[in-house]
Amino acid sequence: MTAGRDRPARVAADAGRAVTALLVAVLTGCTGSDAGADVPASGSAEDAAAAESGWADATGSLPTSAPAHFGFGREADEARVALWDIDVRPDGEGLPPGSGSVAEGRVVYETHCIACHGATGTEGPNDRLVAVEPWDDYPTTRAIGNYWPHATTLYDYIRKAMPQLTPGVLSDDEVYAVIAYLLYRNEIVAVDAVLDAESLPAIVMPARDRFVIDDRTGGAGPVR
Amino acid sequence: MPREEDAKLSRRAWVATTSGVIAAGLVKTQADAIRLVAQEAPEGTQDPTRVPGRMVSEIGTRAPAEQPRRLIRAPALSSSSRSPLADLMGTITPADLHFERHHAGIPEIAYDRHELLVHGMVERPTVFRMADLVRFPQVSRIQFLECSGNGGGVYNRERMPTEVTVQRLDGLLSTSEWTGVPVATILREVGVRPGASWILAEGSDAAVMSRSVPLDKVMDDSLLAYGQNGERLRPEQGYPLRLFNPGYEGNTSVKWLRRIEVTDRPTHTRDETSRYTDPLGDGTVRQFSLVMDAKSIITFPSYPYVLPDRGWWEVRGLAWSGRGRITRVEVSADGGRSWADAELQGPILPKSTVCFRHLFEWSGRDTILLSRATDETGYVQPTVQQLWEARGLRTSYHQNHQRAWKIARTGEVTFGLGELV
């Protein structure tokens, strides 16, 4: 495994989770508490919880003789979790220490990205990254500047999947830097911007408020 | 006695072929038709009843004349391949013909070394090896998997193709018997904490494919699948372990699964924000459009088949819904003016494909065949006009509108939607 993607991620404290959840709910119009409001909890009294929730029944799989615990698998300690827990969420949870500037990001881009995404992020041959034109009905492209709703997604995705042929090769600082450069090219941050775990999640992306939760429900109602 | 009959039938077919006469009664499928055209006189005219056949083998192969293939549009570049729906029979897709969609290729993973980490809002963060997972109570379910980009090639009003096969059109659909352990069993084992409402599923491919899935969905019917159609998963289907979310867009069924994090909110990964989202034409973009709505498609007759004769033909196809069981499939042979109920081949399973069949007598005139499915929620597969009205003209996923095939007087079958819009 490569260094960049296996770097231990910051473990956020439980305190503040409710606040950030609410914040995310307000900012994104998309929240776990909405979607999961009717999901009962299980946990320490998992037998009772599973029985109450009907989860066990719904699977149609666990025989009534099933034990409360099978005891298969082994406990994952914090270090083990941190090794793989590399995702980054819109509230910034998961962002590593470090920082990167637009100027540093230009070097990263021209070393690792330019071959697939072009000199200005618009030429391809792979996905267009830069688009600053406003749109009304439809986006003409789905680039960072006009379509991506959260800047944090850039960190999550680039750290995991880019560069395409050498994923994971970028250091944490280089990921911050190339995001700074891409956001600069998309006219979202200034040329002297420096991004880190505090400033990246604070960026409001132009397309953020365009995303709405799926309203299809099946049934004989109107086609959606 | 059966020998005698077989031999007669075989001789008849051979005579029909070599004499250039298309034996209408023997041409049952597009594959048959192609084979008849391509077939040369068999080598020798040995009577197989007079020569002992070959002996048993450790692994079987298809008959030499039966070589269905996945469709790859640009072999060196393509990240997807499509199932040959017109060549398949019944609902099950042979594992080696299951469609593919990869985001950074197919990783090579050793079964004995693969691990699944389950953590986040759980009481006992746990690492499972494959030997652990297969020891849990096991279930098998026959269910479809469809890429939400399936059928995208026939949505654009300006670029509606006519010469398109059902494989190219809707081949990002396959059906398998999936075997594994319910996600609910594993989450029960680790203990979900109060307040949890989503999971993040993550693969160990070079894209580290990541998708958020509602917790109530995975607790309801999702599997950690390690088996497919009686064998271990194929590498291109996620060997040794994948998430399988019945009825959901295929991308959420993360392959090569290495991590599940239980969370209280979605992660907003790249593939649930900048991709797999649906601009609706009113300035908004639909997100987390996870369920695959009801859909059907006629697989026979379809392009490039040519009906050799008027008369009775059996229209055949597949229908499926991500919301449950298919309750009805109707077929129209007059461009949608009138509809007749097709026969559904049981058992009709939830979130699975069902075969439908409808006998129709082709008069030899221009004909437009359509099918439309209804599922147990009462949802009826919409027309393309209804989708255009609801979502506008330039969205990319979930294009489940009714498909049409036009039969020309010559018997040539082409994709016919262009005639209707």
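View 1. The accessible surface of chain B amounts to about 17,400 Å², with 50% belonging to carbon and sulfur atoms; areas follow the Shrake-Rupley method with a 1.4 Å probe, and for residues only the protein chains shown count as cover. Of the 421 residues in chain B, 56% are buried (under 20% relative accessible area; exposed is over 50%, partly exposed in between; 1.4 Å probe, protein chains only). Chain B contains seven helices and 23 strands (DSSP runs numbered from the N terminus: helices H or I, at least four residues; strands E, at least two). Residues are numbered from 1 along each chain as its sequence is written, and chains are lettered from A in the order in which they are written. In this predicted model, local features need pLDDT of at least 70, side-chain atom pairs count only at pLDDT 80 or more, and totals for chains, interfaces and linings use all residues.

**View 2. The loop between β7 and β8 of chain B.** A206(B) lies in this loop, which runs between β7 (198–203) and β8 (210–214). A206(B) counts as partly exposed because its relative accessibility is 28%. The C-alpha atoms of A206(B) and I106(B) are separated by 8.4 Å, although the two residues are 100 apart along the chain.

**View 3. Crossing of helices α7 and α11 of chain A.** The axes of α7 (residues 102–112) and α11 (residues 172–185) come within 7 Å and cross at roughly 100° (axes are lines fitted to C-alpha atoms, for helices over the stretch in contact; angles run from 0 to 180 degrees between N-to-C directions). α7(A) is therefore roughly perpendicular to α11(A) (65 to 115 degrees; under 35 is roughly parallel, over 145 roughly antiparallel, the rest oblique).

Terms used:
Side-chain values use heavy atoms; hydrogens and water are left out.
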